[in-house]
Amino acid sequence: MPSTRMIGRDEELRVLTTVVENGGTALVLGEPGIGKSRLTAAAADHAVSLGMRVLRGRADAATPLRSVSEALLSLTRDSGVPPDPELLPYRPALARFAPEWRDNTAFDHGEALPVVAEGLLRLLGAIGRDTGCVLVLEDLHDADADTAAILDYLADNLTGRVAVLATARKERSPVLELVRGGRRGGITVVEPARLDRSQVRDLVVSCLGDAPSAVVDLVFRDSEGVPFIAEELLGHLITGHEQDTAVPEAVVHSVAGRVRRLGCELTELLTVAAVFGRRFPLPVLRIACGLSRQDLVRRLRPAVANQLVTPDNLAADRYSFRQALTPHALLQLAGAGERAELARRAAEALETCWPGLPGEWCAVAADLWLAAGEADAARRLFVDAGRRALVDGDAATAVRLLRRAQELATDCCEPIAVLAPLLTALAEAGEVEQALALAASIDDLGLDDPGRAVLHTTLALVAVRARLWSRGNDEVETARALLRPDAAPELTARIDLITANLTGAGEPALRALSEAARSTLPLVACEALELLGVLARQRDLAESDAHFRRMAELAHQHRLPAMRLRSRARSGFNDTLRSGDDTRLRQACGRAFEAGAVLEGHLLQADLVLTTVLRGEFVFAAELADRCLPVMTRLGLRDAANEVIIAKAVMFAHRGQRPAMERAVRSLDGSASPGVQAICETFCALAEENRRRAVDALDLAVRAGSGNPAHHLVTWPHGLRTLMGALDGEIDRVDRPEAAAGWAWHRQFLLLAEAVLAGRHGRHAEAVEAVAEHSRVAEPFALARRLGLRLVAEAALTDGWGDPASWLREAEEYFHIGQMSAVTNACRTLLRRAGWTASQRRHGTSDVPARLRVLGITARENEVLRLLAERLGNTEIARRLYISPRTAEKHVASLLAKTGEHDRRSLHRFAIDHVSDLAG
């Protein structure tokens with residue numbers, strides 16, 4: 001007998017309506033019957049009154065992501081997916097909720113949960129763009145860990161008039177851990193309190209129109225202020241079923257009375273159904289009760305009419321109890337022995353109905369066997385369900401299921417059956433610290449050597465994921481020492497692949513490939529070929545291409561679309577290395593997003609940011625980096641995000657923006673290799689016309705080595721170092737290793753080095769031909785080509801060959817437009833030194849920041865100020881600007897007067913404060 005209005009919930013409703021109006025996430029948390037659903041319904045009604053779109057869904061323990069799926073199914077029934085191009089790459093991810101959105105031609109690779117959450121975030125934004133949108137998710141205490149993770153993701157990233165309202169009980173669940181574990185500060189938690197006596201009186205008046213003191217006392221005592229129980233008690237009082245029991249008993253008897261009025265057969269049927277929880281499958285219930293489908297549906301009709309159960313909106317073969325407390329009350333009526341027997345009957349019926357327990361039924365059967373008291377059977381099924389989730393790419397669910405299996409493991413159980421997949425699942429879910437913490441107990445488990453080898457191999461995988469190279473090496477060595485001659489082929493192949501990843505050596509990868517071929521392990525073979533292809537880039541691009549072609553053929557043969565796409569992307573990157581043309585790489589990136597391979601698409605975007613930087617397409621590179629970096633950060637793609645930051649550091653270095661470059665490198669928190677930092681320093685010094693500093697940085701890059709093979713394009717210093725050596729007279733011959741000569745980025749510098757040496761030895765025609773070939777090879781690299789011309793022109797002037805005037809004028813024009821004053825001035829100086837005219841290019845006020853122009857600072861003084869920020873003396877400033885020290889001193893004096901600073905030290909601070917920020 002529900003009240004016609006809410007009692008004692010004014011403040012809670014105000015909080016929820018504020019969230020609805022302003023956007024955000026709110027969770028109504030409380031015990032059963034406290035009024036959570038009614039509160040959210042009132043807030044949703046408020047949203048409807050404002051013209052907002054409301055989507056509703058309810059969770060249950062048997063179906064992962066059920067609440068989100070139900071909410072989105074209402075959208076597909078009404079209007080379908082919004083025609084927003086931004087949603088196209090996320091349709092495969094969203095099809096996890098609504099299968100009719102699935103495109104049969106789409107790429108199927110098991111979307112990672114952050115990608116699914118990002119797709120939902122964008123969908124809600126598209127729905128609510130004009131009118132606003134509210135997503136209502138109820139009973140999240142029954143939700144899986146993935147639903148909690150999605151709620152967490154939405155809470156962090158919702159913008160605009162988009163709100164999420166959720167309800168959950170105060171029971172142990174992933175959602176409760178989210179808000180109570182100190183990990184969630186962005187969710188507004190609303191916890192309705194129990195009603196006090198005066199509020200219970202108001203409720204009684206609302207239901208009865210009057211409030212006899214005895215009735216108020218009875219309802220308040222037995223309900224203890226829980227609105228649902230109070231209303232149930234009032235209903236029983238009116239029908240003459242006066243209760244004098246504690247609150248749980250009142251609810252149990254209330255449910256029992258409603259069910260028993262429908263007959264013994266239906267009571268037994270609903271008690272069996274209650275074993276499954278709130279939502280139960282008709283085919284299994286039919287087998288468990290020995291009924292035909294027709295008889296089962298006939299017997300359920302009175303329960304539907306009396307609002308005890310209802311047909312499930314999500315699946316035609318399932319029903320649900322209308323009230324969450326109903327199945328609990330039904331089971332409480334049965335004794336412990338009867339409950340165990342009912343769970344056994346349900347588990348056996350489930351295995352009969354769906355042999356092999358496909359999909360979600362494996363975890364459901366595990367719960368049933370646990371309720372039946374069969375812990376060993378439950379543990380085995382939880383392990384099986386966890387392994388399946390891991391194969392499907394659902395690491396969070398795998399961790400949850402395997403954790404439950406771990407809780408059930410006993411000394412007599414085989415620990416490796418639980419620990420090995422659990423360690424892998426934790427690594428896949430990014431919970432590296434937890435995985436490594438479990439490692440401490442391996443030696444205490446009493447395992448034999450093969451079992452320990454499996455676990456140490458798994459730990460090596462965890463360490464590789466975390467880039468803990470030393471730990472990875474230790475674990476691999478331990479695993480190898482424990483291997484027996486009869487070790488499983490997949491285990492030895494995995495150890496070889498881990499070794500290859502740790503060392504960058506090809507031999508272990510070749511062994512893994514050979515073992516994968518003998519043992520028919522196509523996934524291992526594809527991974528081995530991918531690594532071999534990456535490693536082969538250091539020697540020969542043709543060899544690398546051959547590995548990627550074999551990878552593509554194998555992926556096609558065994559229907560591994562993710563591997564096929566990755567092979568095409570790696571081949572496209574080879575094309576970029578070979579010619580500087582990134583067309584195929586861009587196409588691969590586009591195909592990845594079109595197919596819904598969002599993670600692979602973002603990884604390829606990181607490669608594209610770097611290639612566009614090297615091509616001198618700085619505007620596009622900056623736009624792409626700023627667009628993809630926040631998404632990568634949200635998705636937890638740490639390595640991809642770092643690659644984008646490295647590319648930005650390289651971009652700042654190429655443009656001579658030292659403060660911005662240094663900030664970018666610092667933001668990597670030490671994850672940038674010495675080789676990357678040295679190459680950034682090299683180009684920044686060249687942009688500043690500081691040749692000595694550039695050569696020192698190149699030498700550091702040589703000593704540091706090339707680092708990660710994926711970054712050879714920027715970290716391998718061979719080509720540029722050879723050119724600088726030729727210019728400085730350090731070498732008399734150009735060594736052209738096959739790999740460097742095969743990469744356009746390096747070949748452009750090697751050609752210039754050959755031109756310098758040929759011109760120095762009087763072979764002028766050969767030198768001119770080398771420069772012409774350089775112009776063809778370096779065409780894609782706008783900045784690097786002009787920088788090379790500026791460097792070689794100086795040597796050509798000295799040795800009297802070629803056309804240095806046209807080269808300098810081309811370089812001067814480019815660097816002037818790019819506002820790189822040091823290189824521009826150097827080109828002009830060289831032109832004048834040779835007796836050729838150089839254009840006078842005074843930027844005037846356009847080159848001087850607005851807040852410096854108001855002080856009367858000129859363009860030349862602005863250049864001096866930028867150099868003062870580096871704490872350079874007058875002599876070094878004069879050398880860098882090609883002016884006399886006396887002139888530099890005059891500019892410094894003028895700056896002191898115009899800025900009002902008292903001495904050179906304070907002028908340095910002024911320069912750093914007013915120039916460094918502008919450089920970024």
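**Entry 1. The sheet**

In what order do the strands of the open sheet of 5 strands stand, and is their pairing parallel or antiparallel? I was working from a predicted model. I found the order E2-E3-E4-E1-E5, with parallel pairing. Strand E2 (53-58) and strand E5 (188-190) stand at the edges; each has a single partner strand, so one side of each is left without a neighbour in the sheet. From one strand to the next, I noted a twist that averages 15°.

I then looked up the pairing of E2 with strand E3 (residues 133-138), which is parallel and runs over 6 bridges. Within this pairing, Arg56 has Val136 in E3 as its bridge partner. Helix H6 (residues 145-157) packs on the sheet and touches strand E1 (24-30), E3 and strand E4 (162-169). The direction of H6 makes about 135° with that of E1.

**Entry 2. The chain as a whole**

I recorded 48 helices and 8 strands in the protein chain. Of its 920 residues, 54% count as buried. The chain exposes about 38900 Å², and carbon and sulfur atoms supply 50% of that area. For contacts between residues at least 6 apart in sequence, 65% join residues at least 24 apart.

**Entry 3. Positive phi values**

I checked Asp139, which has a positive phi of about 55° although it is not a glycine. Asp139 sits in the loop between E3 and H6. Its relative accessibility is 5%, so Asp139 counts as buried.

Gln819 is a residue other than glycine with a positive phi, near 60°. I located Gln819 in the loop between helix H42 (804-817) and helix H43 (821-833). With a relative accessible area of 56%, Gln819 is exposed.

**Entry 4. Tyr319**

I placed Tyr319 in strand E8 (residues 318-321). Its relative accessible area is 12%, which means that Tyr319 is buried. Leaving aside residues up to four places away in sequence, I found that Tyr319 touches several residues, including Arg278, Phe280, Leu282, Leu300 and Val304. Tyr319 and Leu282 are 37 residues apart in sequence, and their C-alpha atoms are 7.1 Å apart.

**Entry 5. Helix H32**

H32 is mostly covered, with 13 of its 17 residues buried. Just after H32, Gly656 takes a positive phi of about 75°.

**Entry 6. Salt bridges**

Side chains of opposite charge can pair when their charged atoms come close. I noted 55 salt bridges in the structure.

The side chains of Asp295 and Arg298 meet at 3.6 Å, N to O. Both residues lie in helix H14 (residues 293-305), 3 residues apart, about one turn of the helix. Asp295 is partly exposed at 29% relative accessible area, and Arg298 is partly exposed at 43%.

Glu810 and Arg785 form a salt bridge at 2.9 Å, N to O. This pair links distant parts of the chain, with Glu810 in helix H42 and Arg785 in helix H41 (residues 782-799), 25 residues apart. Glu810 is partly exposed at 28% relative accessibility, whereas Arg785 is buried at 9%.

Finally, I looked up a network of salt bridges that links Arg658, Glu662, Glu681, Glu688, Arg693, Glu870, Glu876, Arg879 and Arg880.

Key
Residues are numbered from 1 along each chain as its sequence is written. This is a predicted model: local features need pLDDT of at least 70, side-chain atom pairs count only at pLDDT 80 or more; totals for chains, interfaces and linings use all residues. Side-chain values use heavy atoms; hydrogens and water are left out. Helices (H or I, at least four residues) and strands (E, at least two) are DSSP runs, numbered from the N terminus. Buried means under 20% relative accessible area, exposed over 50%, partly exposed in between (1.4 Å probe, protein chains only). Contact means heavy atoms within 4.5 Å. Accessible areas come from the Shrake-Rupley method with a 1.4 Å probe; for residues, only the protein chains shown count as cover. Two strands pair if DSSP finds at least two bridges between them. Axes are lines fitted to C-alpha atoms, for helices over the stretch in contact, and angles run from 0 to 180 degrees between N-to-C directions. A salt bridge is a side-chain nitrogen of Lys or Arg within 4 Å of a carboxyl oxygen of Asp or Glu.
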